[in-house]
Structures are given as C-alpha cells and as structure tokens.
Amino acid sequence: MRKLLFSLALTAGLALGMTYAQTITVAAGAVGQELELTRDAAQRYMDANPGVTVNVLDTPDGAGARMGLYLQFFEAQSSEVDVYQIDVIWPGDLAVHFVDMFEYGAADVVDAHFPAIVENNTVDGRLIAIPWFTDAGLLYYRTDLLEQYGFDGPPQTWTELTEMAQTIQDGERARGMSDFWGFVWQGNAYEGLTCNALEWQASNEGGTIITPDGVITVSNPNAVEIIELAASWVGTISPSGVTGFMEEDARNMWQAGNAAFMRNWPYAFSLGQQEGSIIANNFDVAPLPAGDATGASPAATLGGWQLGVSAYSENPELATDVALFFASYEEQKIRAIEGSLNPTIEALYEDPEVLEAQPFMGRLLDVFTAAVARPSTATAPNYAEVSAAYFNAVHSVLTGAEDAETALALLELDLAALTGFPTD
Ligand code: GLC
C-alpha cells in the first residue's frame, strides 16, 4: 500500500513537475570568455529559480554569421530560442522579431542604463532589447616594449603609431622574433571592419559614412587619406593575413606576445591579464590615435550587446525575467570583474570593486560615453546591407584591388541606390 501511494505521489509529482518545469533558451555569444560567463549566469538564475532550466546556445563569432543564424529562427517563427543576444546595430533591422520589453516590466529598470543605449534599443516606442554590455574600440599597447624602444607613451596619431610599430617590429625581428608584427586589428570583410574603418575615418574628420539625418558623406578626401594609410599597413606593420582577421585572430597573435599594438574591444583586457598569459602586466589600453587632419580627434566605434525576447517565444514573461536578471547590476558586475565586459549600468562605473578589478573602465569612461555610432538607426531596416557595402569597399582597398578614391566614389553610388538618401 505504501509503495502504491508512493508511486502515485511520484507520478503526480512528475506530472506536476512536467507542467511547471520550464525551459528558456538564450542564444549567446562565445567570443573570448563570453559563453562561460553566460553559462555561469544561467546557473545562478536556475539556483534562484528551481523549476526553470536556462539553456545557453552557442552562436558564431562573426556578427554577420550570427545574424544569419538568427534570421533562420525568425523566418521559421521558431519558439526554440526565447532570448537573443543582439548587437547594438540590430534593434532597427530586427525590431519586428522582438516583444516590447516595456510590456514585461523593463520600464522599472531601464533608467539605470546609459540613456543613449536605451534610446538606440527603443524602436517606435518599443524596447526591443535590454542593454547587457557596451563596447568601444581601444588601443592595446605593450608597455614593456614602448619603454624598451624609448617611447614615452602610446601614439597620439595614426602616423605616430605607424612609425612606432615599424621601429618596434624591426627591433624585435632583428633579435630573432620572426613572427612579430607592429599592429594587429580586424581587417576581414565583415562587421568588425566596418567598426575599424569607421574609427579611422571619424578620427580624421572623415565623417560617419551616413549622417544621423540621412546624408551620405562617405566619399571625402579625409576618408580617402586615412583608408590609404590603413592599406599601407597590410604586409608592412600588419601581417598580410590581417585582411582575414576577426577579433580573436588579432587577440591570439597579441596574447602570444607577437604584436606591439592591437585594436580590440575591452574583453581582451582580462584575457591578457589572466594567469599564465605571457603579456600579463606588460600592456595597457589607451584611446585610439587620431588622424593628421586639422581638428582631428580620436574616435572609438560604439559596439555592445543587448538581450531581446523573441516575438515567437512561448513564454515571453519568463524569458524577460531571465534577460533582466542577466542584465541586472549584480550580473553585469560579475561580467565586468571577471571578463572586462563593460557595464551598461552607469553606477557600475563608480563601483569600487569594478574599478579595482578594471581600472581602465574608470580611466577611459569618456571613450565609452563618447563612442561613435554606426549609422544603423538612420538606415534601418537596411543597415546590414549598408555595412556590407562599406566593409567590402574598404576591404577592396586593403587588398589592393582598388584605390580608396575610386572605392569610396563607387560606394557612394551603391549607398544612394540602397537607401535613397542624398549625398553631400
Ligand atoms: C563587437 C561589438 C559589436 C560589433 C562587433 C564587430 O562584438 O560589440 O557591436 O558589431 O564587435 O565584430
């Protein structure tokens, strides 16, 4: 009898459990330590919410490839993924596939985040995604090598960077470091090149491709000049293979001790400092250099990732709860300390533990708050095409297939056809 009762109870329990056990799947990034950090957060959510399973789905590193995967889920109106990690450039292009998080309680927490990012993520009054971490391009440099070669500090201009990189590279090669390069960055034909090239342009008074109010400005002498300079790096201070590099390719070369300078996002900081890293304590970060044009000042492209809830999720309420948990103060704090992923909650830039673990976050706060946006809001829902036209044009200059003046003149025509916008 006891046995029967027990098994009845067990069956009932299982049935109940089946009704109440809920699963939320989060499609997340896996660059550097991202995946591991997200899995840890999922575990903390599950510990606090028995009965909920949070799966973390690994997605491709390249922003374009990741968006391709997401589009497959969206086209199938699939409920398989509930929460998507989306790029700061995507809310406009992908708005229709997300719920309005304001309807699920995000209004209470959104004020703590940088207003510019919240605005970026708000499309027609709907909050497409909650900010999770923010990015800006930084110049990583080897403090030991700069000192060794008699430089006082990081370069202020791209011309200085070119010269310093060449000097250090020549010196390191001469002492047998045959794999050593002056400067590594992201030159593959993908979204990362749009970020790098926008920094070159904007830092040389060459504009931001398309203005926020929809004027195409990309074809101008200052842009031509700086893209030609970047093309001159390929095969001299940067490996020829840089035209196939994404973030992790650059970081691997840098972290192996084989580069004097690197352009990358903040995530590379904590990896470089990790135990066992041969460059630990021998590098620092600074704002990227400026061009030589009159009035030029440094520019960092605004990057970063948000969490949006799929319009096809079967449980948008719970999915929002998971997303808001991931994006909360405590969770962003852990990612900042452990992974040097920059918070989107302003108060974390005054949190002593964050500042102690990642002093650069406080020191370079201006770089993060003044970062230059890609023209994704102005060109939505066609930003992905606009960016592809831009990075392909720049790539053709980097590989020597085209000169910058011609490439940008042709690009201007393509962008006009694509957007219907006027040129300046
Ligand atoms: C980083 C940025 C993102 C950008 C991507 C390009 O992940 O956060 O905004 O699009 O790099 O590779």
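Tyr 70, Phe 73, Phe 74, Tyr 84, Trp 90, Phe 98, Trp 305 and Tyr 312 come together in one aromatic cluster. The model is predicted, so local features need pLDDT of at least 70 and side-chain atom pairs count only at pLDDT 80 or more, while totals for chains, interfaces and linings use all residues. Residues are numbered from 1 along each chain as its sequence is written, and side-chain values use heavy atoms, with hydrogens and water left out.

Rings of Phe, Tyr and Trp (its six-membered ring) are taken as a pair if their centres lie within 6.5 Å; planes under 30 degrees apart are stacked, over 60 edge-to-face, and the rest tilted. By this rule the count comes to 26 aromatic pairs. One of them joins Tyr 70 and Tyr 84 edge-to-face, with 4.7 Å from centre to centre and 65° between the planes. This pair links distant parts of the chain, as Tyr 70 belongs to helix H3 (residues 63–75) and Tyr 84 to strand E3 (residues 83–87), 14 residues apart. Helices (H or I, at least four residues) and strands (E, at least two) are DSSP runs, numbered from the N terminus. Tyr 70 counts as buried, because its relative accessibility is 0%, and Tyr 84 is likewise buried, with a relative accessible area of 0%. Here buried means under 20% relative accessible area, exposed over 50%, and partly exposed in between (1.4 Å probe, protein chains only).

Charges also meet rings in this model. A charge sits over a ring if NZ of Lys or CZ of Arg is within 6 Å of the ring centre and within 35 degrees of the ring normal. Arg 66 lies over the face of Trp 305, a member of the cluster, at 4.5 Å from the ring centre. Arg 263 lies over the face of Trp 265, at 4.1 Å from the ring centre.

Arg 263 leads on to a sheet, where it is the bridge partner, in E9, of Leu 139. Two strands pair if DSSP finds at least two bridges between them; E7 and E9 pair in the antiparallel sense over four bridges. The open sheet has four strands in the order E8-E9-E7-E10, with mixed pairing. E8 and strand E10 (283–286) stand at the edges with a single partner strand each, so one side of each is left without a neighbour in the sheet.

Helix H7 (residues 158–174) has 17 residues and reaches 24 Å from its first C-alpha to its last, close to the 24 Å expected at 1.5 Å a residue; the expected span is 1.5 Å times one less than the number of residues. Its buried residues include Trp 158, Leu 161 and Glu 172. The buried residues of H7 pack against several elements, among them strand E7 (138–142), strand E8 (181–184) and helix H9 (221–233), where contact means heavy atoms within 4.5 Å. Just after H7, Gly 176 takes a positive phi of about 95°.

A second topic is the open sheet of five strands, which has the order E2-E1-E3-E11-E6 and mixed pairing. Its edge strands, strand E2 (52–58) and strand E6 (130–136), each pair on one side only. Strand E1 (residues 22–28) and E2 pair in the parallel sense over seven bridges, and in E2 the bridge partner of Thr 25 is Asn 55.
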